[in-house]
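Hi,

Here is the structure I promised to pass on to you. Please have a look at it first, and then read my notes below.

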2 protein chains.
Amino acid sequence: MKTKGKGQNLSDEIYNLLKAQILNGKLAGGEKIPEESLAKQFGVSRTPIREAVRRLGEYGLVSIKPRCYAEVTTISEKEAKDIARVRIHLECLAVDLITPQSLENNIRNLARCSAECQYALDIGDRALSFEQDSQFHLELIKASENSALINLYEHLGAKIQQLRITQNLYGIALKDYTIQHEQIMRLLREEKKEECKVLLYEHVMHSPYPEGLAL
Amino acid sequence: MKTKGKGQNLSDEIYNLLKAQILNGKLAGGEKIPEESLAKQFGVSRTPIREAVRRLGEYGLVSIKPRCYAEVTTISEKEAKDIARVRIHLECLAVDLITPQSLENNIRNLARCSAECQYALDIGDRALSFEQDSQFHLELIKASENSALINLYEHLGAKIQQLRITQNLYGIALKDYTIQHEQIMRLLREEKKEECKVLLYEHVMHSPYPEGLAL
DNA sequence: AACCGACATATTGTATACAGATTGTGTTGT
DNA sequence: ACAACACAATCTGTATACAATATGTCGGTT
């Protein structure tokens with residue numbers, strides 16, 4: 001379920017293209033999005049553009065000022081922290097919700113993402129390894145088999161990825177990623193939920209788990 | 001346009017109207033939403049209708065089958081449980097995030113909602129009391145002052161309210177609502193977070209807190 | 001009678017035209 | 001020189017027309 005260029009209709013296509021451009025930084029935060037120029041750029045009419053931009057607006061990737069303009073949402077320092085806090089909390093909920101059965105159903109996907117993340121690291125493709133890591137966390141959420149949780153996380157997911165661009169998270173060390181992914185899966189299998197959550201925190205936040213923080 | 005303007009543009013108006021109709025049950029789950037007939041009904045063109053329906057789709061209140069039709073989303077039994085589980089988890093996160101300072105900033109709103117909920121009960125307006133209770137919980141989330149959490153909860157909020165309609169929650173006892181609201185506020189002031197979460201659980205789920213459930 | 005396919009109908013998807021609003025600029029008056 | 005107003009340019013909001021696609025019906029075939 002990657003960003004596919006082709007959708008069933010133009011709106012979807014444009015939506016995916018714009019989303020991809022925002023998420024990989026080609027469209028930077030604060031950039032204005034005039035409908036007509038985009039329409040010309042993509043060779044379609046304003047209608048599909050408009051729908052795509054509105055959808056992105058509902059997603060929070062675009063801020064729409066009625067009758068004025070739309071622009072790529074900029075994420076403030078505080079919002080970044082807020083998002084991270086909610087993110088870790090949702091992932092911990094997923095850990096709580098995962099049962100041996102649901103883990104069984106989804107472990108293959110988790111393992112695949114972990115492997116592909118490792119592969120990306122091996123060939124030195126940092127962007128791809130980030131993407132695969134994102135996918136790993138999404139699969140973790142999916143393993144909860146809670147549709148509401150999956151839905152909400154997908155909303156956050158886009159912003160998390162946007163954060164990885166705007167903040168310069170590309171500088172951080174990735175070498176432990178695979179080890180941590182494998183550990184997370186092991187702790188899930190052993191149903192050591194609390195340990196798993198702590199490890200998740202450190203994996204996501206790139207910092208040691210602070211005592212006393214509720215997960 | 002036949003109805004008086006509430007939003008800045010027709011799309012917003014239609015969006016609010018449709019949302020309200022779904023949330024108060026006038027538009028039942030599974031009902032189809034043909035754009036043109038709605039357009040005639042509201043006396044506008046298809047364009048604002050379309051935008052509104054798309055927004056509701058992004059919100060999860062409407063399911064859109066491309067090139068076929070859109071219909072009001074039906075919530076399955078399992079989804080209802082999923083939503084409730086995530087809901088209580090988010091509210092508990094809010095409790096954790098609330099600081100004496102943020103509580104100070106928001107306690108007035110909480111108290112107001114509690115009072116208006118009580119008032120609605122006094123005059124026997126169950127629908128209004130439900131609405132004020134919903135508002136109370138939203139204000140609780142807002143007291144966390146975490147924008148990401150507030151955003152996500154607003155997405156869930158609509159579905160929660162839709163649930164209150166589809167499931168016949170109107171039958172449950174409401175007499176303890178105000179007492180519980182007041183207790184929740186007291187526990188927040190006293191920073192007894194764990195007690196507060198347990199009470200929240202029982203208030204939201206209308207059932208005793210099961211030992212061992214992670215909040 | 002059941003099944004299959006073609007046509008008719010209805011509904012969505014897209015383009016385009018027009019109206020209304022906002023922003024910026026230039027002119028005018030003091 | 002500065003402020004205020006007016007106007008022009010630009011963009012969004014809405015309506016409408018047209019194209020593409022799904023659904024339903026009817027007739028024919030087996």
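**The DNA-facing surfaces**

α2 (35-42) and β2 (69-72) of chain A, together with α1 (10-23) and α3 of chain B, each supply at least two residues of the surface near DNA strand D. Helices here are DSSP runs of H or I with at least four residues, strands are runs of E with at least two, and both are numbered from the N terminus. The largest share of that surface, 3 residues, comes from α3(B). In total 18 residues surround DNA strand D, and the closest are A:Glu35, B:Asn9, B:Leu10, B:Val44 and B:Ser45. A residue is near a strand if its C-beta atom, placed from the backbone, lies within 6 Å of it. By class, the surface near DNA strand D has 9 nonpolar, 4 polar and 5 charged residues. For these classes, Ala, Val, Leu, Ile, Met, Phe, Trp, Tyr, Cys and Pro are nonpolar, Asp, Glu, Lys and Arg are charged, and the others, Gly among them, are polar.

Before I go on, a word on the source: this is a predicted model, where local features need pLDDT of at least 70, side-chain atom pairs count only at pLDDT 80 or more, and totals for chains, interfaces and linings use all residues. Residues are numbered from 1 along each chain as its sequence is written, while chains are lettered from A and ligands numbered from 1 in the order in which they are written.

Two or more residues each come from α1 (10-23) and α3 (46-59) of chain A and from α2 (35-42) and β2 (69-72) of chain B. α3(A) gives the most to the surface near DNA strand C, with 3 residues. The classes there are 9 nonpolar, 4 polar and 5 charged.

**How the two chains meet**

A rotation of 180° with 0.0 Å of shift along its axis superposes chain B on chain A, with an RMSD of 0.0 Å. The two copies are thus related as by a two-fold rotation axis. The superposition is by least squares on the C-alpha atoms of residues with pLDDT of at least 70 in both copies.

The contact takes 27 residues from chain B and 27 residues from chain A, where two residues are in contact if their C-beta atoms, placed from the backbone, lie within 7 Å. On the side of chain B that touches chain A, α3 (46-59), α4 (77-97) and α7 (147-166) of chain B each supply at least two residues. α4(B) has the largest share of that side, 8 residues. The residues of this side of chain B divide into 10 nonpolar, 8 polar and 9 charged. Because 100% of the interface residues of chain B are also interface residues in chain A, the copies meet through the same surface.

α3(A) has 14 residues and reaches 20 Å from its first C-alpha to its last, close to the 20 Å expected at 1.5 Å a residue. The expected span is 1.5 Å times one less than the number of residues. Among the buried residues of α3(A) are A:Ile49, A:Val53 and A:Leu56. A residue is buried if 20 or more other C-beta atoms lie within 10 Å of its own, exposed if 12 or fewer, and partly exposed in between, with C-beta atoms placed from the backbone. The buried residues of α3(A) pack against α1, α2, β1 (62-65) and β2 of chain A together with α3 of chain B.

α7(B) bends by about 25° at B:Leu156; the bend is the angle between axes fitted to the seven residues ending there and the seven starting there. The buried residues of α7(B) pack against α4 and α7 (147-166) of chain A, and also against α1, α4 and α6 of chain B.

In α5(B), a kink of about 50° is centred on B:Asn106. The buried residues of α5(B) include B:Leu110 and B:Cys117, and the buried residues pack against α6 (126-142) and α8 (177-189) of chain B.

**Two residues to check**

A:His206 has a positive phi near 55°, although this residue is not glycine. A:His206 lies in the segment after α9 (193-205) of chain A and counts as exposed, with 11 C-beta neighbours inside 10 Å. B:His206 also has a positive phi, of about 55°, and is exposed, with 12 other C-beta atoms within 10 Å.

Best wishes
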